[in-house]
Amino acid sequence: MKIKNIKRQKRVSKDTFFIYGLYSFIFAGALFIVWGELWKNGYGLIEKDDAIRQHLPMLSYFSQYLQNVIKEIVSGNFQFPLFDFHVGLGEDVLRFSAHSSPLDIFSIWGVVVPQAYIIYFYYFLVILRMYAAGIAFLHFCRFKKIANRYALFGAINYVFSGWVIFTSTRHPFFMIALFYLPLLMKGLEKVFQGGTPFYLISMIFLSGLTGFYFLYMELMFMGIYSLVRIHDLIKKENLSFKYYVKQFSLWIWLLLKNVLLGLSLASVYLIPIILGFLDSSRPKAVKVATKPYTIWEYFVTFIGFIAGKATSWNIVLVSSLSFLTFLYFFFSRKRKKDKYAEDSYLKVLSLILVVLFVVPFGSLLFNGFAYVSHRWTFTMLFVLNYCFVYTLPDILERRGKDLNYLGGVVLFLLVVLGGCVWQKQINWVFAFFDAIFLSLSWLVLRFLPKTVFLFKSFHSAYPIRVSLPLLVAFLCMFSNVFGHFFLYHLSEEGNDHALFYQRQEINEGYTKNLFSVDQDKEEDFFRVDVVRDKDWINYGLVHQNYFGLSEYWSMINGNVSKWLQELKSNGLTTNNQIFHLDQSTILNAITSVKTLIVSKEAEGTAIPFGYEKISQETESNEREWFDNLYALPLGFSYESAISYTEYQKLSPLQKQTMLMEALTVEDGEENNVLESFQWEETLLPFEIAQEKGLRWDREKKKLIVQEQGGSLIIDFVGRDNSETYIELVGFHQNEETEVVSIFYQGQQTKKESEAHFPASPWYWGRKDYLVNLSYAKEAQKQVTLIFEAGEYDLEEICFYALPMDRYPEQINRLKEEILENTKLGTNQVTGDITLSKEKYVFFSIPYSKGWTAKVNGESAKILQTNTAFMSLKLPAGQYHIELNYRTPGLILGIVVSSLGMGVFIVHFFFLKRKKKEELE
């Protein structure tokens, strides 16, 4: 008996080795086919979007971060950095890591990768995550007793889908969702089959360590799946309604307690980032109003399963073979004789997902009601592919009685494809390609016989059978799914690699230094405003080691975002993208900017008042340096403050001017000086000099741009020694347009602003666009506005002058009593200050509930100041100030995880003992 078991185990091991080896071989060959030419031509697997802006810098950052943490542990220091001034104006490390967790089981290996090779490690991770997702799906199929040959079909179709084409090089971290979902579903199925819940708990724990975003989607899907699955299990027992409800409740409780246990284990990471999310800019954004799709939007959405270009997550793009197989499964009769038949609940599940897919509410639901996005469609990809591998044997082995009706379905799909081309919803090249494979897939399913075998076995150890229809079907699917990769690189002009960066360009971008010295070694804290191409927005925190302004992460400090919204700053493009502070003299001063660096890509940048060009030797003169003669330190003092209620009554430029005279603090903490304050802002007269390719109807408040690049030349009466601002008031559109760019060409500067409308998922309610046309010693007189074609609302255009006459005096007053001996430690800022009277000590540090203060060793109350920052209200005297930071929720997360681990251990031994007793 024991000998038979050993032989069986060896046989299973050989089968397993063979199928995973075959998958690996096909996967490697497929990658060579789809990306070989790209690599040969010098391109890397990094797209010019969030890949370069977020994922690569974050991988590089956390590789260094983990390496430094290990060094500190080895040296006996167990205090980990939780706040970093190198990220934007300063960010909580855990909060901004939520987009790409350092605890991800793949990227965590960056801890052993030298920074010189981090880019190549990034390329490796793109491939590894794709490979692992296929392995996970293959593993799930084998657990569900799907034959190896069909599971292999599903794994290839799963990995090389449109969702993956769009995601793998643009948002490679998102591939982690595709990897964990099959493993989570295996854990769920083990519970439904009467097994132990530890696999499910472990997978929830590991998925939780990668962040809450995709875990939330996975749990939403698992919840829907469980409701359908439980109903299917119970209905077979023919129970009365009372016992049905009882059994249903017991199943829900069984699953819920195990899910909660898995979540509790990951709470050390989940709780802090969830609290960080609630305090970030994400939930504070305007919710996008949903509206029903038009008839053609429904058609395009539906046809996106098999046709089109993978330019979004709603273009799922699987092979036509798998899609037709799924349709056959969905409309075929249930196999009543098969005790393992899963037709019923899979059909119900598929129907629910399709309804959620075509109704905007579904995407709101899966995105936590934040905005409409089809990122969750990886769950549909999983279900569709499982139905594919579950049903394909029936078709190829002719258990299905009739496939003729699929011919009608194919004909209907071809008509829809033609209509989408006619309506210019799909490029005819893509439609033609998909029409061919749609027709070919139906022919494969309908007419190929089963009887002809190419071979029966490679070797006695691997007794597999491969039939002609099986091979032809695989080749059809193979060429179809990889054809989508090639089409992804096609543009109207032909083969287009413009989506990707050259490897040499990336390497140079991540090795060029902006500073000849390490800023951390400077005695005084200061920030740098680096004006660069948008793709390098997070440049400061990677290798360059400077304190900057810009940041673009999934989650940033919501107070900073709100502050810039109140000021209508052009530097805030969306609620989580800060490119700069629009080179505003006052805003740069308040945030302790000492140096402005302008790269050659940013020609026409506004130079603030009081900045002196300094001689700096740079490579090929690629950058110009400007030194702020009126720079403020990290901590300085104000005599007066106004309440937030009074502050809200001011215009954006009045708010900006107020920053030089008084702080804004919580109601009840202020010394109101609003009545005696003299505003500097001046409204300027103007007239339209020329309209070219557009017409602005000022009475109807409509701007009609007939031509792309229509321009409006405006003459205005400026002021000497002033910053000049232009504001487009009520610039809006309620059509389907998501975002347009507006270009400003002044006498000394070139600027751009992005206008997001309600159709955009990044819309946050903005309708007024305030842009700094730069400081000028002599009055500016003219500006040219350039618009994209379209019809817009435009209520008014306003020009303002912000004189700089009193600015030096105001700065000197703020610098009279400043924070000295400033030191930045791990999660700590210390310094000394002497106050001649009661004042507010202001810190250009973003406000967070994680900060606590001690003054001369005693706890002190931190005031939220100017919306985004913080201050201390202190009487006259000498003070040593100590600011300490701890991520909100971190201690709670540690406690919950510790309790969860205790419950898990007790639960494990309890079930192990119970199983042992049952066997006895």
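Reply: pLDDT is the predictor's confidence in each residue, from 0 to 100. The structure above is a predicted model, and the mean pLDDT of its protein chain is 84.

Me: What share of residues reach 70 or more?

Reply: 88% of the residues in the protein chain do.

Me: OK, overall make-up. How many helices and strands?

Reply: The protein chain has 26 helices and 38 strands. It runs to 920 residues, and 57% of them count as buried.

Me: What about the accessible surface?

Reply: That comes to about 39,700 Å² for the protein chain, with 57% of the area belonging to carbon and sulfur atoms.

Me: Of contacts between residues at least 6 apart, how many join residues at least 24 apart?

Reply: In the protein chain, 76% of them do.

Me: Switching to rings. How many aromatic pairs?

Reply: The count comes to 71 aromatic pairs. One of them is Y61 with Y65, whose ring centres are 6.2 Å apart with 25° between the planes.

Me: Why is that pair called stacked?

Reply: Because planes under 30 degrees apart count as stacked, and the Y61–Y65 angle is 25°.

Me: Where do Y61 and Y65 sit in the chain?

Reply: Both are in helix 2 (residues 50–74); they are four residues apart, so about one helical turn separates them.

Me: Buried or exposed?

Reply: Y61 is buried, at a relative accessible area of 7%. Y65 is buried too, at 15%.

Me: Which lysines lie over a tyrosine ring?

Reply: K186 lies over the face of Y199, 4.5 Å from the ring centre. K655 has its charged end over the ring of Y647, at 5.1 Å from the centre.

Me: Now the sheet with strand 10. What's the strand order?

Reply: The order is 10-12-11, in an open sheet of three strands with antiparallel pairing. Strand 10 (551–552) and strand 11 (572–574) are the edge strands, each pairing on one side only.

Me: How many bridges between strand 10 and strand 12?

Reply: Two, in the antiparallel sense; strand 12 covers residues 577–578.

Me: Which residue stands opposite Y552?

Reply: Q577, in strand 12.

Technical notes
Residues are numbered from 1 along each chain as its sequence is written. This is a predicted model: local features need pLDDT of at least 70, side-chain atom pairs count only at pLDDT 80 or more; totals for chains, interfaces and linings use all residues. Side-chain values use heavy atoms; hydrogens and water are left out. Rings of Phe, Tyr and Trp (its six-membered ring) pair if their centres lie within 6.5 Å; planes under 30 degrees apart count as stacked, over 60 as edge-to-face and the rest as tilted. Buried means under 20% relative accessible area, exposed over 50%, partly exposed in between (1.4 Å probe, protein chains only). A charge sits over a ring if NZ of Lys or CZ of Arg is within 6 Å of the ring centre and within 35 degrees of the ring normal. Contact means heavy atoms within 4.5 Å. Accessible areas come from the Shrake-Rupley method with a 1.4 Å probe; for residues, only the protein chains shown count as cover. Two strands pair if DSSP finds at least two bridges between them.
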